[in-house]
Amino acid sequence: MSAGEDERAALLPRANLALFGHVEAEQALLASYKSGRVPHAWLIGGPPGIGKATLAYRFARFVLAYPDPRAPEVQQARSLAVDVENPVARRIAAQAQGDLLVLERVINEQTGKLYTVIRVDDVRRSVSFFGSTAGEGGWRVAIVDSVDDLQREGANALLKVLEEPPERAILLLISHAPGRELPTIRSRCRRLLLRPLAESDVARALAAATGRASEEHDVQEAARAADGSVGRALSLLDEDARALRQRVLDLIGQLPEPDPRLLHALGDALAGTDPHKLDTFMDLVNGWLSGQLAGGEGALPQMERVAATWEKVNRAAREAEIYNLERKPLVFAVFGALAEAARS
């Protein structure tokens, strides 16, 4: 495993016990659990890479480690922190906690790549999961990471669970584009919107993942350019990635009339099959779309148009990755869709 892969592994939410920022969101979850009236479903939304899944796993870990909300350990707790040596923490890190179901994209054994969506059959497992007898603590927790990766059939299968939630069950739904989910799902969840992290929190998280000092120049530069995303900051430790990011941001800043010459140059920079370059490009595109959705609260037609754009450009990116398509046409198609969304 390379150094970069080691750093990303350290940030895997199931194994990462550290939470940087999001104090208010953490306290909202803790207070709800302490009250004994915790909602059965939470929709945790916000831009990619800011810690939504880390918070979801942190809450699941706490509930499964301390299943009685009235217990002194819960009532006296000031955070959702669980000791790294706690058996529940160890089992979750090893993906061996029977009372935790995680729905996410998995590897297609035939292609060796991730499926482009969460499979419907995997979502249907949640029905039998919540219908089975819970283990030692009586709680069953499911994390969906993310609901953006659900197809309509999968979303409808999940809706059945939300409509008839079993007792002592918690569903934690993660979304990178709050407002894009089916209204029938959104209306059945308590919403928890996370904001991008402060620059100082990104630097501390980056230092923890890499073993470097948060005051180092490269760490500070990556944190400053990451727009509150730890995942993005990690990739920006690479100088070429920072340059690519700036190309994309310059073009986004020109919307709805991006310079065609710069689009050609970006297409050349993305050429090849390096998945990290494509990830960086789409991360910034989705970040802009997330901002449009957040800013369009209450303007339903505009939100629907942006949501449709999100679906269109991400489908195109997935197809380019799966079929190894040339990326310059993708760049023009994506920015054409963004320009249309910007004009509307």
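Which helix holds both arginine 204 and aspartate 201, and how many residues apart do they lie? The tour of this predicted model opens with that pair.

**First stop: helix H9**

Select residues 199–210, which make up helix H9. Arginine 204 and aspartate 201 both belong to this helix, 3 residues apart, or about one turn. Display their side chains: they meet in a salt bridge, with an N to O distance of 2.7 Å. Aspartate 201 counts as buried because its relative accessibility is 15%, under the 20% limit. Arginine 204, at 41% relative accessibility, counts as partly exposed.

**Second stop: aspartate 122 and arginine 119**

Next, select aspartate 122 together with arginine 119. Their side chains form a salt bridge of 3.1 Å, N to O. Aspartate 122 is buried, with a relative accessibility of 8%, whereas arginine 119 is partly exposed at 33%. For context, the structure holds 21 salt bridges.

Move on to arginine 232 and aspartate 227. A salt bridge joins this pair, and their closest N and O atoms are 3.5 Å apart. Aspartate 227 is partly exposed, with a value of 44%.

Select Tyr33, Trp42, Phe59, Phe62, Tyr66 and Trp139, and display their rings. Ring pairs link these residues into a cluster. The count of aromatic pairs comes to 7, taking ring centres within 6.5 Å as the criterion.

**Last stop: a nonpolar surface patch**

Finally, turn to the loop between helix H15 (300–322) and helix H16 (327–343), where tyrosine 323 is found. Is tyrosine 323 buried or exposed? Tyrosine 323 counts as exposed because its relative accessibility is 58%, and the threshold for that class is over 50%. Together, Ile322, Tyr323 and Leu325 form a nonpolar patch on the surface, with about 320 Å² of accessible area.

How values were computed: Residues are numbered from 1 along each chain as its sequence is written. This is a predicted model: local features need pLDDT of at least 70, side-chain atom pairs count only at pLDDT 80 or more; totals for chains, interfaces and linings use all residues. Side-chain values use heavy atoms; hydrogens and water are left out. Rings of Phe, Tyr and Trp (its six-membered ring) pair if their centres lie within 6.5 Å; planes under 30 degrees apart count as stacked, over 60 as edge-to-face and the rest as tilted. A salt bridge is a side-chain nitrogen of Lys or Arg within 4 Å of a carboxyl oxygen of Asp or Glu. Buried means under 20% relative accessible area, exposed over 50%, partly exposed in between (1.4 Å probe, protein chains only). Helices (H or I, at least four residues) and strands (E, at least two) are DSSP runs, numbered from the N terminus. Patches are made of residues with over 30% relative accessible area and no salt bridge: like charges are joined within 9 Å, nonpolar side chains (Val, Leu, Ile, Met, Phe, Trp, Tyr) within 5 Å. Accessible areas come from the Shrake-Rupley method with a 1.4 Å probe; for residues, only the protein chains shown count as cover.
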